[in-house]
Every structure is written in C-alpha cells, then in structure tokens.
Amino acid sequence: MPSVHRGSRARDLSEGLNTAFRRLLDKRAQPLDKRVNTAIGVVAAVGVGAATLWAWQASELAMTELSWWPLAVALLVTAPASLALKSAEYQLASRIASQKPSTSRSVRVAVVSSAANLLPLPGSLIVTVRSLSEDGSTYGPAISASAVPGLCWLSITGIVGGSAIAVEGPPWLGSATAVAALLTGAAAFKLFRETAPDGGSARLLLSVLGVEAAWLIISALRLGLAVTALGVDVSPTQALALSVAGALTVAIGFFPSGLGLREALIAGLSPLIGLEFDIGVLIGSVDRLVWLLFLAVASGALLLFDSGSDESSINQADR
C-alpha cells in the first residue's frame, strides 16, 4: 500500500508540474500591454545605443582597425543560415502539431516571427503559435509544439555552454548552468512525447535536436565573427560560453528579441571567461547590427514579393 500511495503522489506531482508548465507557456505567449511594450522598447534601444557608444570609446578602437571580412561572412553566410534554421524549426514544430507546411510558408513565418521578435513581446512565439493555430491546431497543442524546439535549444546550449563556462570561468556557474539545462531537456522530452502524434518518433526528435545543435554552432560562429571583426582573440570555448547569453534571453522571453538584455548578459559574462567588459558590449552590439541589417533586407523582400497573411500576424501580435 505505501508504494501505491507513493506512486499516486508522484503522478499527482507530475500532473501538477505539467499543468503549471502549460500555464507558463500560455502566459508567455501573451503580448504585454501596449504602453509597457513602448516603454521597454524605447528604454532598451536607448540603453543599447548608449552602452555601445561607451564601449567603443572605452575600447579605444578606430574604424580603421575593424576587419570587414568577418562582417561580410556574418551578413552573407551566418545570418541567412540563422533564418534557414528558423524556417526548419517551424517545420519541425508543425510536424509535432501534425501539420506539413510548405517550404515557402515556413520561410515566410521565419521572417515574420523574427521581425515580430523585435517588438517588446515574445513575438516569435506569438506568430508561430497563431500560424499553427490557423493551420488547424488548437491553441494549447500549438503552444506546446512551438515550445519543444525552444526548450531543446535551451537544453543543448546550456549543456554545451555550461561546460564551456566551467572550462573558461567559474566551475560552479558552468555546473549550475549544465544541471538546469538537463532539467530543461527532460521537460522538453516530456512535452514532446505528450504533444507529438503517437508519442513522437525517434527520427522527429533527432531532427529537432539536430536543428537546435546547428543553432548553437551558428550562434557561436556569429559571435566569433563579431569578435574577429573587432580584432580580439577568442577561443572556441569562449564563443560557446557566450552563446549561453542568447539562450537565457530566450528563456526570459518578453524582451524584444533580447534587445539590451542579451547585450548585457554577454557583457556581464565576458569578464568571467577572460574577456574585457567593454569588448563584451561591442561583441553583442556588432552581432545585433549585422542581424538587424540582414533581417531588414529579408523583411523588405517579403513585403515586396509576398506579405500576405503572415504580415497580419505581426499586426495581430502588436494589438
């Protein structure tokens, strides 16, 4: 009998945690009040601009010292790769929700969700959830399907990045990050089994893990290119450690694409792994500027050739 009671309590605890987790996802998918959106956006933009100007002056770098070829590679190679992975991520979320969107629709959603993420709200999640809902999924499963790739990204980045932090910086911080990432991975697996059709196939799960691992590599490469453009020596483990900042902004979620917060986390983490604080600020800012330039071109192309229904998703997300 005691074992039966323990099993019942364990099931009740699991169901309670699952319910709380779904409520958290639902809350995260809701936009903030419009006045709060505007206030956060203005403060973040001004803060990033001021911090970048200060860091540039503190580093005593000159424009002639910048290396431009890494910026060209970041703009022409890694930024498009990031968008392609965003599109693949949407395709996988759709498969988890028992849908099969076309490649063109996946690319459109990737561009629109990335652009919406620049608003002071979890724009990417809102656009993705609404897009899945429009294609036939109910709201709850759409949220869960959208969350699985993101949680896998958090888990993979936390494990690898946490290990890199343990090598380059405080072991306790790296260990804590890796443990939290393992727990996140367990939550992602549970959500995947509950949401994907027939409990999900191993092939589908491996596809999700593959895309999110590629996200980690591209993120580290983008930061590495920003570092190279600034003429700073950085090791691969340092670049991987800095990628944790991007994962944390995904977890926090309601900032406009982590604007301000991501830069602050990169800057704060930099001294812990052997980089200067002002260089950390510049690394985050350079990477941001390259991505925004590419996204502006991609969004312009979308508006020019096929804005259609996905453009309305941004308008709805801003209401």
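Colleague: What is the volume of the second largest pocket?

Modeller: The second largest pocket has a volume of about 290 Å³, taken as the space filled by probe spheres set on grid points joined across faces, edges and corners. This is a predicted model, in which local features need pLDDT of at least 70 and side-chain atom pairs pLDDT 80 or more, while totals for chains, interfaces and linings use all residues. Residues are numbered from 1 along each chain as its sequence is written, and side-chain values use heavy atoms, without hydrogens and water.

Colleague: Which residues lie nearest the centre of the second largest pocket?

Modeller: Of its 16 lining residues, Gly 158, Thr 177, Val 244, Ala 247 and Leu 248 lie nearest the centre. The helices α6 (139-168), α7 (171-195), α9 (236-252) and α10 (261-269) each give two or more residues to this lining. By class, the lining has 13 nonpolar, three polar and no charged residues; Ala, Val, Leu, Ile, Met, Phe, Trp, Tyr, Cys and Pro count as nonpolar, Asp, Glu, Lys and Arg as charged, and the others as polar.

Colleague: What lines the largest cavity?

Modeller: Leu 71, Ala 74, Arg 222, Leu 225, Ala 226, Val 286, Asp 287 and Val 290 line it. Two or more of the lining residues come from each of α3 (68-96), α8 (202-229) and α11. Six are nonpolar and two charged. The volume is about 40 Å³, and the structure holds one cavity of 30 Å³ or more.

Colleague: What makes one a cavity and the other a pocket?

Modeller: On a 1 Å grid over the protein atoms alone, a 1.4 Å probe fits in a cavity but cannot get out, whereas a pocket is an open set with protein on both sides within 12 Å along at least five of seven lines; lining residues have an atom within 4 Å of a point.

Colleague: Why is the pair of Trp 291 and Phe 294 called tilted?

Modeller: The ring centres are 5.8 Å apart and the planes stand at 35°. Rings pair within 6.5 Å (six-membered ring for Trp), and planes under 30 degrees apart are stacked, over 60 edge-to-face, the rest tilted. The pair is therefore tilted. The structure holds two aromatic pairs.

Colleague: Where do Trp 291 and Phe 294 lie?

Modeller: Both are in helix α11 (residues 277-305), three residues apart, about one turn of the helix. Helices here are DSSP runs (H or I, at least four residues) numbered from the N terminus.

Colleague: How do you know whether Trp 291 is buried or exposed?

Modeller: Its relative accessible area is 11%, and buried means under 20%, exposed over 50%, partly exposed in between (1.4 Å probe, protein chains only). Trp 291 is therefore buried. Phe 294, at 13%, is buried too.
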